[in-house]
Amino acid sequence: MRVLFVTAEAYPLAKTGGLADVSRALPIALARRGIDVCLLLPGYPRAYTRIVKPRIVAKLDPILGIDDATLVAGMFPDVDLPVWLIDSPTLFRRNGGLYQDQAGRDWPDNALRFAFLSHVAAKLAMQQTRIAWKPDVVHANDWHAGLLPLLLSLEKGRRPSTVFTTHNMAFQGNFGPEVLPVIGVPAHYHTTDGTEFYGQVSFLKAGLRYADRVTTVSPTYAREILTPDFGCGMDGVLRHRGAEFSGILNGIDDTLWDPASDVHLPQTYRASDISGKRTCKATLQHELGLPVRPDAPLIGFVSRLTHQKMADTILSAIPWIAEQGAQLVVVGEGEPAIEAAMSEIQAKYSDHVAVTIGYDEPLAHRLQAGSDILLAPARFEPCGLTQLYALRYGTLPVVRRTGGLADTVVDADTTAIAERTATGFVFDDTSMHGLISALGRALTLYEEPLTWRRLQLHAMAQDFSWDASAAKYIDLYSAVSGIPCTPTDRTTRDKDEIPETARQIAR
Ligand code: ADP
Ligand code: GLC
């Protein structure tokens with residue numbers, strides 16, 4: 001089975017959040033199970049410099065008025081995974097972020113940039129480029145690839161099946177109707193039943209509406225977004241999909257995120273001997289200018305600093321955290337007002353709070369290892385990965401009972417502690433009171449080293465690798481394409497046609 005995985009981010013080529021982690025780890029897990037998978041990404045300059053042996057494999061015919069694009073094949077730098085980058089000086093070779101310029105403003109041509117991603121993917125999928133590789137399934141991710149299922153649904157000939165995954169319903173790729181002439185979608189699709197969303201053109205809605213199957217990244221979020229409270233206006237579109245919509249829980253890349261081998265840590269550790277975690281804590285305190293106190297509970301928060309992630313609530317809890325004698329390490333970037341307030345409050349509570357504004361991957365690893373507790377509260381959370389990393393690092397997460405957080409953390413109530421199933425602290429109320437009631441319970445248990453150690457061991461024993469979930473995606477691909485995916489069936493199929501794999505092409 002051949003799968004084209006279309007995404008705007010994939011670690012380490014391009015990353016702003018969890019989409020990048022998933023767009024790396026899921027394809028690796030699929031490839032390990034015999035799927036011939038290839039990624040398609042915009043050719044951002046850093047992605048281009050990071051892939052191994054970049055090689056132009058096709059000059060693309062002009063699409064949407066863009067006539068300078070080529071497809072560059074290469075391999076991920078650290079793992080045997082093929083990728084095609086769309087190199088277009090006009091659209092992607094520019095300094096700044098993936099979606100925004102250096103001043104934090106959305107690129108004014110984002111509709112064109114990501115419509116182009118979908119058009120190129122559709123050409124690849126229909127073998128209308130010079131590349132002799134035709135996918136059976138196209139897996140489009142988030143609004144950036146939302147037009148792709150629609151474009152493929154317009155194809156008259158045999159086309160690959162389409163799966164669309166929404167990683168966050170709050171990011172919709174909505175643009176004014178003036179983009180209609182530039183995105184290459186017939187204008188009559190701009191209706192309530194098509195791409196129209198409150199007068200705008202919605203890339204997300206196109207994905208939800210036209211893909212053969214739609215998924216999201218946890219079972220609980222899948223239920224939540226069928227309701228007006230969480231559906232961000234699209235719950236009706238999803239309800240309409242009925243059984244063609246489902247939730248599959250994300251996993252983690254357990255080779256990158258492993259305290260026993262993590263290259264970013266001053267000292268590695270494992271469940272059988274976590275003494276290295278103490279070194280990680282002391283080093284982190286020292287590095288960030290906090291008093292090096294082994295006994296002070298160290299609370300970490302690595303996140304986008306946004307309303308979704310309750311960064312505002314954490315801000316208001318800081319005086320309380322300092323009063324408890326705990327320390328808080330914040331690493332993040334996001335809403336300018338929250339960034340400014342975080343920096344300001346650090347100056348006031350400098351013995352207790354260390355704030356790093358910015359994006360720092362190695363520091364994120366050191367924070368996970370050096371903290372005792374990880375804060376991962378959220379007003380809504382499709383899946384959330386930081387709480388999964390925390391569990392693996394023996395750092396007990398404090399989360400709100402929503403989306404993937406609810407699916408992955410077991411609250412340390414009396415029964416769960418007694419039954420040895422507890423892995424963290426869960427709360428419901430979005431107020432500061434809700435947050436500090438759970439954090440307070442964590443700080444109290446922290447004073448009981450034996451119980452704490454037991455919880456840590458249980459957390460570290462959880463298996464959130466991609467094994468189970470990659471198998472679910474493969475079942476879905478098989479169901480939607482009608483192509484059985486067992487080694488025997490693959491052999492039969494390949495008898496008359498031995499296709500080149502994407503990996504061979506990319507090498
Ligand atoms: P989301 O994708 O909604 O931001 P996730 O929990 O799914 O949330 O994924 C966040 C990812 O981004 C994790 O890999 C986390 O470590 C990383 N991350 C978030 N903020 C930062 C930051 N400031 N520096 C480094 N890594 C960060
Ligand atoms: C989004 C979601 C996050 C999820 C990630 C990967 O960024 O906000 O909850 O973990 O995608 O699916």
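How do the residues of the shell around ligand 2 divide into nonpolar, polar and charged?

## The shell around ligand 2

This is a predicted model. The shell around ligand 2 has six nonpolar residues, six polar ones and two charged ones. In total, 14 residues surround the ligand. The closest are His167, Asn250, Glu381, Cys383 and Gly384. Among the contributors to this shell, helix α1 gives the most, with three residues.

## Polar contacts and burial

Taken alone, ligand 2 exposes 310 Å², and the protein buries 92% of that.

## Helix α1 against helix α18

Two packed helices are described by the angle between their axes and the distance between the axes. Helix α1 covers residues 18-32, and helix α18 covers residues 467-481. Their axes are 9 Å apart, and the packing angle is about 70 degrees. Angles of 65 to 115 degrees count as roughly perpendicular, so α1 and α18 are roughly perpendicular to each other.

Which residues meet where α1 touches α18? From α1 come Leu26, Ala29 and Leu30. From α18 come Ala470, Tyr473, Ile474 and Tyr477. By class, this contact has seven nonpolar residues, with no polar and no charged ones.

Methods. Residues numbered from 1 in each chain as written. Chains lettered and ligands numbered in written order. Predicted model: local features only at pLDDT ≥ 70, side-chain atom pairs only at ≥ 80, totals over all residues. Heavy atoms only, no water. Axes fitted to C-alpha atoms, helices over the stretch in contact; angles between N-to-C directions. Helix = DSSP H or I, 4+ residues; strand = E, 2+ residues; numbered from the N terminus. Parallel < 35°, antiparallel > 145°, perpendicular 65-115°, else oblique. Contact = heavy atoms within 4.5 Å. Nonpolar A, V, L, I, M, F, W, Y, C, P; charged D, E, K, R; others polar. Near = heavy atom within 4 Å. Areas by Shrake-Rupley, 256 points an atom, 1.4 Å probe, with all protein chains shown as cover.
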